[in-house]
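Me: Please take me through the labels attached to this structure, setting each one against the rule that lies behind it.

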Amino acid sequence: MQDTKVIAVGIAPALLIGHDSAPLTLPIDAPRDDLNELIEDLHGDAVAILPAGRIEPALRRLHVLQSSLDGRCRIAFCQTDLSPLAASALVRLAASVGPSAPSAALLADAVPALENELLVAAVLPGVLRLKRPKPSFGARLRSLLPGARYLVSPEPEPVVASLRGAGGVPTLLDDAGDEVAVVAAGRVRGIAAPGELLAEVFGGAQVDEVDAPPGLAGRWRVTQAIEAVAYPTNAAAMTRRVLGLQAAPCPWCGEPHAALPCALCGHDRNRALTRQEIAV
Ligand SMILES: [Zn+2]
């Protein structure tokens with residue numbers, strides 16, 4: 001079994017409980033020495049995870065890396081549309097799966113399932129301009145009132161809840177136990193103890209506060225935001241869940257993969273079959 005490396009392009013990996021493997025990193029403005037170090041660390045196929053919000057500069061960086069590698073190893077690309085802190089958790093989770101992945105293509109195919117392992121929420125001073133989740137008209141209006149504070153979560157159920165409501169703090173998890181932990185970053189005026197608030201929101205999970213990645217508040221369309229990401233702490237169980245894909249060898253590159261086209265070589269079995277049928 002090969003040890004598939006994960007390259008976080010323009011995403012700084014978060015430190016997460018239970019996830020000791022670190023992804024390789026390629027900052028968008030990496031100095032040349034960093035690039036050379038990365039090339040030395042790459043020995044087999046890899047999966048590059050790129051932020052959808054900065055896809056152009058991230059792709060340019062990756063192309064520089066690829067031409068320096070000179071075909072020595074193949075890189076499957078995938079982009080993530082997750083918010084900045086969630087993306088930093090995603091690359092760390094992907095690095096946990098890497099050693100067990102049968103191929104880089106299959107690890108790339110598992111990235112959407114890894115995104116679904118995360119529960120993302122934010123505490124915001126207003127939701128007037130928020131698009132995802134989409135607040136009600138009333139919530140938009142009320143968020144203009146001074147002192148308004150909201151808890152929002154885009155998925156799996158869209159949540160827009162006032163933190164100043166009569167019902168107390170809204171909860172997203174009932175009982176986290178030690179199966180789930182939370183990483184949080186950012187600040188919002190008037191929220192004095194974000195860690196305590198988030199522990200309540202996430203069912204008593206351990207909350208680690210970290211430095212805010214760039215662009216955190218802007219992503220939520222406000223000037224101040226606290227973003228929180230809950231993740232599974234059992235890396236082995238998570239790996240089994242996300243790698244439970246129906247895999248078959250790619251007819252073109254031979255690597256096991258699940259989604260079409262193949263993330264490593266771009267071959268699409270169905271497209272090739274359709275073309276043959278047309279030729280007949
Ligand atoms: Zn292939």
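**Strands, domains and single residues**

Me: What makes strand β1 and strand β3 a pair?

Reply: Strand β1 (residues 5–9) and strand β3 (residues 46–51) are joined in the parallel sense by four bridges, and the rule asks for at least two bridges found by DSSP between two strands, so the pair qualifies. The model is a predicted one, in which local features need pLDDT of at least 70 and side-chain atom pairs count only at pLDDT 80 or more, while totals for chains, interfaces and linings use all residues. Residue numbers start from 1 along each chain as its sequence is written.

Me: Why do β2 and β4 count as standing at the edges?

Reply: The open sheet has four strands, ordered β2-β1-β3-β4, with parallel pairing. Since β2 (24–26) and β4 (75–80) each have a single partner strand, one side of each is left without a neighbour in the sheet. From one strand to the next, the twist averages 25°, where angles run from 0 to 180 degrees between the N-to-C directions of axes, which are lines fitted to C-alpha atoms, for helices over the stretch in contact.

Me: Which strands does helix α3 touch as it packs on the sheet?

Reply: Helix α3 (residues 84–97) touches β1, β3 and β4, and its direction makes about 175° with that of β3; contact here requires that the C-beta atoms of two residues, placed from the backbone, lie within 7 Å. Helix α4 (residues 104–116) also packs on the sheet, touching β3 and β4, and makes about 10° with the direction of β4.

Me: How do you know where the domain bounds fall?

Reply: They come from an automatic or database domain assignment, which gives domain 1 as 5–117 + 235–267 and domain 2 as 119–232. The C-alpha centres of domain 1 and domain 2 are 28 Å apart, and 14 residues of domain 1 are in contact with 15 residues of domain 2. On the domain 1 side of this contact, α3 and α8 (235–242) are the elements that give two or more residues, and α3 has the largest share with six residues. That side divides into 11 nonpolar, two polar and one charged, where Ala, Val, Leu, Ile, Met, Phe, Trp, Tyr, Cys and Pro count as nonpolar, Asp, Glu, Lys and Arg as charged, and the others, Gly among them, as polar.

Me: Why do β7 and β9 stand at the edges?

Reply: This open sheet has six strands in the order β7-β6-β5-β10-β8-β9, with mixed pairing. β7 (159–162) and β9 each have a single partner strand, so one side of each lacks a neighbour in the sheet. Strand β8 (residues 180–187) is joined to strand β9 (residues 206–210) by five bridges in the parallel sense, whereas three bridges join β5 (residues 119–124) to β6 (residues 150–153), which run antiparallel.

Me: What kind of unit do β8, helix α6 and β9 make?

Reply: With helix α6 (residues 194–201) between them, β8 and β9 make a right-handed β-α-β unit, a term for a path from the first strand over the helix to the second that runs clockwise when the strands point away from the viewer.

Me: Is Trp-220 buried or exposed?

Reply: Trp-220 has 28 C-beta neighbours inside 10 Å and therefore counts as buried, because the rule calls for 20 or more other C-beta atoms within 10 Å of a residue's own, against 12 or fewer for exposed, with partly exposed in between. Trp-220 lies in the loop between α7 (216–219) and β10 (225–232), and, leaving aside neighbours within four places in sequence, is in contact with Ala-122, Leu-124, Leu-130 and Ala-225. Arg-221, placed in the loop between α7 and β10, has 15 such neighbours and so counts as partly exposed.

Me: What is noted about the phi of Asp-70?

Reply: The phi of Asp-70 is near 55°, a positive value in a residue other than glycine, and most residues other than glycine have a negative phi. Asp-70 is found in the loop between α2 (55–69) and β4, and with 8 C-beta neighbours inside 10 Å Asp-70 counts as exposed. Arg-221 likewise has a positive phi, of about 60°, without being a glycine.
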